[in-house]
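Dear colleague,

Please find below the structure that I am handing over to you. My notes on it follow directly after.

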Amino acid sequence: MSSRPRASLGRILHDLGSTVLDVAAAPGELDAEVTGVHIYDPLDELLVPPGGIVLAVGIHRAEDIQSLLKSAGRAAGIVVKVPVDVDERVRAAVAETGVAVLGLTRAASWAQIAALLRSLLAEGDLAEPGEEPHGDLFALANALCALLDAPVTIEDRSSRVLAYSGRQDEADAGRIETVLGRQVPERYQRMLDERGLIKELYQSRAPVYMELPGDLTNRTAIAVRSGDEILGSIWAAVHEPLTEQRHRALADAAKVVALRLLRERAGADTQRRLRADLLSTVLAGGSGAAEAAGRLGVATQRLCVLAAQLTDLPEADPARGESDRQRFCDALALHVATIHPKAAAALVGSVAYAMLPLTSGLPLTSGDGGTDEEARAVRIAQDFLARVGPRHPANIGVGRLADSLGQVARSRADADRALRVLRARGTSGEAAGYTTVHFESLLLQVADVASAEEQTPTGPYQRLLAHDREHGSELVTTLRAYLDAFGDVNLASARVHVHANTFRYRLKRLVEISGLDLADSDARLTVMLQMRIFGP
């Protein structure tokens, strides 16, 4: 198989197909080389290198499209959600700037098109000089599409789409949804599983013809194997069983795909380990940090460190847990890369770390004592958690702004502490900046010292704990409710679901037993801190 052509705009449009991305206005031939994907942000200065594709989020009107074209420099194209408002002004701007206007189907999200474009641009990145690109699965899918006369997808063991051919619009709505989401929807996976088709596919070494219900196009699929290991599968949308010649072609293609996937996996594992080692060196600081940052090609000024960790992993299946962590980290890496080309992310232990450069400017103080940059990083983290949703429940801690490489280690420590606070809260799907959880983090650190030195509660709090253990009473609960309610007996009694008079009696008893002076602010502070440090 020949090497994949360079990433021209026309080639990308051919691979994606007109159901996803179509030309709204073009200056002529679509032979401009595409170098990267960039998100348009009206609040930031638009700096697009030659050959960039600009995702024009929120742009709809013709005058806005015209203005963006004139400020996009030597971009290859801009992408606007359909319907695209193209008038004579837009056509004139396209002809003047040489920048194409592309229309994105409304069924696709901006995150999806960013992922699709970046995956196409990343093809062959693992190849050494003079070698054939390792990940040229899109070209293979298109070649197989021509051989079988049917649209093809290549999927991994978890039904994620690794590559797909053109002509996907000839299949059914389920296939289009699969390509857009880069994942077979769960309802289709469940349907195939209930019909026993997945089991049949993985038990067979030959292509399997599947008759599907409703308006779904039938499929012929074959498992991609390395010995007894299932690496993935190839799916062709067909209307009738394949001829014997095409049957053999699909079986032969499965062997080629297996080799590609094995080579890609080996290369990806090596790249991941290298990136993780380099990023760990940068995060730790020290003498090797500058060299590691240079090899990673990451920014070293005005950045925040993000520490992300999954909160719901299968304890009984460590292998699956590790796979989930890696996929989560890959998604985080893609997310931060769409925001800044010099961002980086890698999995270090069970935590996915990301170094996110932020817009330069004066660090204005936000309302919570942090900076605008830290608040923006938290919003980016929250947006990522919302996108990965129930597939990857996780928390993210965000460190303070690092103005230089020497402050990156501090930002990493901040992010770890913020993440620990979220873990201690027992929450999931939350992001927090260090400055917003600073005091909680300090309490956890004090608790660590107390535990290491085997310290225990003392004074009134110790006496209340002992009384509750011995008599089964709830004096500590009563005290906590009273303090949390700032001494409001009615509010506190409602929170513990007892009558106000009963609550007053318990309050009187705990004062008698513990000797706590509730009128003394220092005494209240002391017992509140012991509650937080030692727990109930």
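The mean pLDDT of the protein (the predictor's confidence in each residue, from 0 to 100) is 83, and 89% of its residues reach 70 or more. Over residues 124–135 the pLDDT stays under 50, and the model has 23 contacts beyond four places in sequence for them; contact means heavy atoms within 4.5 Å. Residues 360–367 also have a pLDDT below 50, with 15 contacts in the model beyond near neighbours in sequence.

This is a predicted model, in which local features need pLDDT of at least 70 and side-chain atom pairs count only at pLDDT 80 or more, while totals for chains, interfaces and linings use all residues. Residues are numbered from 1 along each chain as its sequence is written, and side-chain values use heavy atoms, with hydrogens and water left out.

Strand E5 (residues 100–104) is mostly covered, with five of its five residues buried. Buried means under 20% relative accessible area, exposed over 50% and partly exposed in between, with a 1.4 Å probe and protein chains only. Helices (H or I, at least four residues) and strands (E, at least two) are DSSP runs, numbered from the N terminus. From E5, Ala100, Leu102 and Leu104 point one way, and Val101 and Gly103 the other.

Two strands pair with E5, pairing being defined as at least two DSSP bridges between strands. Strand E1 (residues 21–25) runs antiparallel to E5 and is joined to it by four bridges, with Leu21 opposite Leu104. Strand E4 (residues 77–81) runs parallel to E5 through five bridges, and Gly77 has Ala100 as its bridge partner. From E4 the chain passes through helix H3 (residues 88–97) to E5 in a right-handed β-α-β crossover: with the strands pointing away from the viewer, the path from the first strand over the helix to the second runs clockwise.

The largest nonpolar core has 48 residues, of which Leu55, Ile113 and Ile234 touch the most other members. Such a core is a set of buried Ala, Val, Leu, Ile, Met, Phe, Trp, Tyr and Cys residues joined through side-chain atoms within 4.5 Å. Helix H5 (residues 137–148) supplies its largest share, seven residues. Another core, of 27 residues, lies apart from it and includes Leu306, Leu358, Ala394 and Leu401.

In helix H14 (residues 438–452), the buried residues are Ser441, Leu443, Ala447 and Ala450. Their cover includes helix H13 (408–425) and helix H19 (521–534). Just after H14, Glu454 takes a positive phi of about 55°.

Yours sincerely
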